[in-house]
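Subject: Handing over a structure

Hi there,

Here is the structure I promised to pass on to you. Could you open it alongside this email and read the two together?

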Amino acid sequence: MGRSCRKENVLRPRYRMRVDPRHSRTCSGFAVSLVAPTRHDARTVRRHDADHGHFPMRALQAGFAYFGVVFGAGFVLGSIRVPFLVPRLGERWAELVEMPVMAVVIVLAARWIVRRFSLTPRDCWITGLIALLSTLAAELLLAVVIAGRSVGAYLASRDPVSGSVYVALLLVFAAMPCLLVRRWATGGAR
């Protein structure tokens, strides 16, 4: 006799088990074969989790990971911007200089998240929304707790020019996973 189903699944955790009751019966009455994972292709991938009602969990995990990567990069860039650029350029220009770098970080992070979590068009909006809400909550929390300002005072202190660009970048941040999923679904570059 061969190895049991349980042992094969433990030995190859990255493989999915496909059960076919029409073939010879083994292990609990079903023929079991291991199917190698395929590379993500948004046109052909059929999400196993979506079929079993676990669809939002992957999108939630992707949203929090996306938030963590972009917020961490923004935190590092902010710690460089405040002591070095703000005294030389002023608040507005220092923030405007940081924005293109953050745009590149957003594109790279969204690309990694879409590939890592195999996002489909169905769950990319949840990912972007979770990341956006997490970013806004973290920023407001930092403004209230660390700076000791009220939310209204924080919003009033934002520069109108760099604040407008920041809001536009937040919208791009929320939409970027879906833009990349659609690009790949239509056969765009990987």
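Below are my notes, going from the overall fold to the core, the charged residues, one loop and a surface patch.

First, the ground rules: this is a predicted model, in which local features need pLDDT of at least 70 and side-chain atom pairs count only at pLDDT 80 or more, while totals for chains, interfaces and linings use all residues. Residues are numbered from 1 along each chain as its sequence is written, and side-chain values use heavy atoms, with hydrogens and water left out.

**Overall fold**

The protein chain has 7 helices and 2 strands, where helices (H or I, at least four residues) and strands (E, at least two) are DSSP runs numbered from the N terminus. Their order along the sequence is α-β-β-α-α-α-α-α-α. The chain has 190 residues, and 32% of them count as buried; here buried means under 20% relative accessible area, exposed means over 50%, and partly exposed is in between (1.4 Å probe, protein chains only). Taking contacts (heavy atoms within 4.5 Å) between residues at least 6 apart in sequence, 66% join residues at least 24 apart. The chain exposes about 12,100 Å², with carbon and sulfur atoms supplying 65% of that area. Accessible areas come from the Shrake-Rupley method with a 1.4 Å probe, and for residues only the protein chains shown count as cover.

**The core**

The largest nonpolar core holds 27 residues, and the members that touch the most others are Tyr-66, Val-70, Ile-106 and Leu-119. At least two residues of this core come from each of α3 (55-89), α4 (91-116), α5 (124-145) and α7 (160-185). The largest share belongs to α7, with 10 residues. A nonpolar core here is a set of buried Ala, Val, Leu, Ile, Met, Phe, Trp, Tyr and Cys residues joined through side-chain atoms within 4.5 Å.

**Salt bridges**

Side chains of opposite charge can pair when their charged atoms come close. The whole structure contains 6 salt bridges, each being a side-chain nitrogen of Lys or Arg within 4 Å of a carboxyl oxygen of Asp or Glu.

I would start with Arg-81. Its side chain meets that of Glu-95 in a salt bridge at 4.0 Å, N to O. Because Glu-95 lies in helix α4 and Arg-81 in helix α3, this pair ties together parts that are 14 residues apart in sequence. Glu-95 is buried at a relative accessible area of 9%, and Arg-81 is buried at 14%.

Arg-81 also forms a salt bridge with Glu-98, at 2.6 Å from N to O. Glu-98 is in helix α4 and Arg-81 in helix α3, so here the parts tied together are 17 residues apart in sequence. Both Glu-98 and Arg-81 are buried.

Another bridge joins Glu-139 to Arg-158, with the closest N and O atoms 3.7 Å apart. This pair links distant parts of the chain, since Glu-139 is in helix α5 and Arg-158 is in the loop between α6 (151-157) and α7, 19 residues apart. Glu-139 counts as buried at 17% relative accessibility, whereas Arg-158 counts as partly exposed at 25%. Through shared partners, salt bridges join Arg-81, Glu-91, Glu-95, Glu-98, Glu-139 and Arg-158 into one network.

**The loop between α4 and α5**

The Asp-123 side chain reaches the backbone nitrogen of Thr-120 at 2.8 Å. Ser-118 sits in the loop between α4 and α5 as well. Ser-118 has a positive phi of about 50 degrees although it is not a glycine, and it is buried, with a relative accessible area of 19%.

**A nonpolar surface patch**

Which residues form a nonpolar patch on the surface? They are Phe-75, Leu-141, Leu-142, Val-144, Val-145, Ile-146, Val-151 and Leu-155, with about 770 Å² of accessible area together. Patches are made of residues with over 30% relative accessible area and no salt bridge; like charges are joined within 9 Å, and nonpolar side chains (Val, Leu, Ile, Met, Phe, Trp, Tyr) within 5 Å. α5 and α6 each supply at least two residues of the patch, and α5 gives the most, with 4. Phe-75 belongs to helix α3 and counts as exposed, at 56% relative accessibility.

Best wishes

How values were computed. A polar contact is a pair of N or O atoms within 3.5 Å; within protein, one must be able to donate a hydrogen and the other to accept it, and residues adjacent in sequence count only if both atoms are side-chain atoms.
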